[in-house]
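Work through the exercises below with the sequence and the model open. Each task is followed by a solution in steps.

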Amino acid sequence: EIKHAKSVSPAELEKMGKVDKTILLKLANGKKLSGYENKTFRKKFLFNISTNEEWRTAYSDLKKQDKILKPLEHAAPVVMIMKDRKTPPRAKIRDRGVYDAPIGEELQASLPSSFSDLPRDQDLNRKDLVDWMVSEKNPLTARVLMNRLWQEIFGTGIVSTPEDFGLQGALPSHPGLLDWLAVEFVESGWDFKHMVELIVTSATYRQSSKANSLLLEKDPKNLLLARGPRFRLSSAALRDQALAVSGLLSEKFLGQPTYPRQPEGMWEEVSFGRFKYPKLDDPINQYSRSLYTFWRRTLAPPNMFDAASRQLCSVKPARTNTPLQALTLLNDPLYVDAAKALAKSSQDVAELFKKATGREPLPREKQVLEQAYKREFEALKSQHEALTMIAQIVLNLDEVLNKE
């Protein structure tokens with residue numbers, strides 16, 4: 001590099017800018033370049049001025065390889081990695097929780113002595129915490145997971161406050177059952193599939209969800225499990241179900257988040273113009289499972305009306321049924337697309353009804369739907385459009401919107 005710098009003629013030097021002159025003079029005098037100067041020298045001077053063909057060829061090849069490498073780097077997911085500090089943070093009890101009012105002696109990291117046999121003076125790390133969480137001596141992890149699985153299947157957990165298993169939380173409605181499920185889960189090797197199969201094939205789950213007046217009077221919340229579960233599906237499940245029964249649901253597995261359609265200007269309004277909604281994805285990604293939908297913490301996708309705010313951890317789903325939800329299910333573009341596709345793949349109202357509900361319509365149900373179809377056909381003069389209207393009706397039936 002010094003040799004090339006000294007070989008530059010005075011005439012060439014006069015044509016250069018101030019930064020380039022400084023770089024060349026430093027090199028010629030054996031002085032060290034700053035980081036910026038070194039970068040400028042390599043990118044500009046050596047490639048544009050240097051007569052060293054070997055270097056120019058190598059640099060050109062490097063740029064070509066960079067063009068190949070950069071798209072690969074952007075395509076690869078970035079994973080954040082946590083590790084322990086070399087010096088653990090200092091911690092003290094705070095007076096009434098006030099952050100700048102420490103009292104007492106400095107505290108050391110430890111685990112509950114009743115659940116752990118680790119010595120109290122041992123230096124603990126994240127591995128110790130993980131080992132304790134899945135230890136047979138710690139019953140909490142398995143109990144919490146099984147309670148959440150029960151909540152997912154039955155609508156309400158055995159402990160109705162899944163966010164709080166402490167003294168202020170609710171007592172389990174069936175403590176023996178929760179104990180048994182937790183032990184079975186651990187002994188099965190933490191096998192979720194085994195536990196799901198065990199629960200859904202049980203006589204308790206396979207009961208009818210119909211309730212007579214006596215059951216509703218004595219046990220309105222079904223805490224005694226005298227009938228099968230019945231509850232409103234979440235907005236994400238309703239979206240996926242509509243896409244599935246209509247045949248639109250994408251089989252995409254893994255990959256980047258997707259950006260389904262939403263009303264224009266929502267992101268801009270919430271962020272005061274700082275963020276704009278990205279360009280819409282291709283049709284296949286429009287119909288990916290709700291799991292892949294991107295959302296901002298302050299603004300969930302508008303058709304996921306019961307989504308948690310994500311400002312706090314939420315493990316208990318919201319069960320709501322409002323006019324706004326009915327308007328969404330009838331008018332959101334995705335649900336309209338699902339109704340159109342369902343109508344296109346069905347020959348008549350009976351086939352359409354069976355695809356959405358999983359059963360044949362009763363004679364009275366079939367009669368009502370056929371009358372509605374006839375009325376719509378007379379108004380629209382199109383078989384597909386008339387069936388689309390019937391599909392919207394069927395997709396909004398209680399039997400379709402509820403798990404029962």
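**Exercise 1.** Classify phenylalanine 154 and tyrosine 205 as buried, partly exposed or exposed in this predicted model.

Solution.
- Step 1. The relative accessible area of phenylalanine 154 is 8%. Buried means under 20%, so phenylalanine 154 is buried.
- Step 2. Tyrosine 205 has a relative accessibility of 22%. Tyrosine 205 therefore counts as partly exposed.

**Exercise 2.** How many aromatic pairs does a search of the whole structure find, and what is the geometry of the pair formed by phenylalanine 154 and tyrosine 205?

Solution.
- Step 1. The search returns nine aromatic pairs.
- Step 2. For phenylalanine 154 and tyrosine 205, the ring centres are 5.7 Å apart and the planes meet at 85 degrees. Planes over 60 degrees apart count as edge-to-face, so this pair is edge-to-face.
- Step 3. Phenylalanine 154 belongs to helix H7, while tyrosine 205 is in the loop between helix H9 (192-200) and helix H10 (213-218). The pair therefore ties together parts that are 51 residues apart in sequence.

**Exercise 3.** Describe the pair of tyrosine 259 and phenylalanine 294: its geometry, its location and the accessibility of each partner.

Solution.
- Step 1. The centre-to-centre distance is 5.2 Å and the angle between the planes is 35 degrees, a tilted pair.
- Step 2. Tyrosine 259 is in the loop between H11 and helix H12 (266-270), and phenylalanine 294 is in the loop between helix H13 (283-286) and helix H14 (323-331). Parts 35 residues apart in sequence are thus tied together by the pair.
- Step 3. Tyrosine 259, at 18% relative accessibility, counts as buried, whereas phenylalanine 294, at 29%, is partly exposed.
- Step 4. Both residues belong to a cluster, linked by ring pairs, of Tyr259, Trp267, Tyr277 and Phe294.

**Exercise 4.** Which ring does the charged end of lysine 252 sit over?

Solution.
- The charged end sits over the ring of tyrosine 292, at 4.8 Å from the ring centre.

**Exercise 5.** Characterise the largest pocket by its volume and its lining.

Solution.
- Step 1. The volume is about 1100 Å³.
- Step 2. The pocket is lined by 30 residues, of which Glu152, Ser234, Ala236, Trp295 and Pro317 are the closest to its centre.
- Step 3. Two or more lining residues come from each of helix H7 (140-154), strand S3 (231-232) and helix H11 (235-246). H11 contributes the most, with four residues.
- Step 4. By type, the lining has 15 nonpolar, six polar and nine charged residues.

Definitions and conventions
Residues numbered from 1 in each chain as written. Predicted model: local features only at pLDDT ≥ 70, side-chain atom pairs only at ≥ 80, totals over all residues. Heavy atoms only, no water. 1 Å grid on protein atoms, 1.4 Å probe; cavity = no way out; pocket = protein on both sides within 12 Å on 5 of 7 lines; lining within 4 Å. Points joined across faces, edges and corners; volume = space filled by probe spheres on them. Nonpolar A, V, L, I, M, F, W, Y, C, P; charged D, E, K, R; others polar. Phe/Tyr/Trp six-rings, centres within 6.5 Å; stacked < 30°, edge-to-face > 60°. Buried < 20%, exposed > 50% of the residue type's maximum accessible area, 1.4 Å probe, protein only. Lys NZ or Arg CZ within 6 Å of the ring centre and 35° of its normal.
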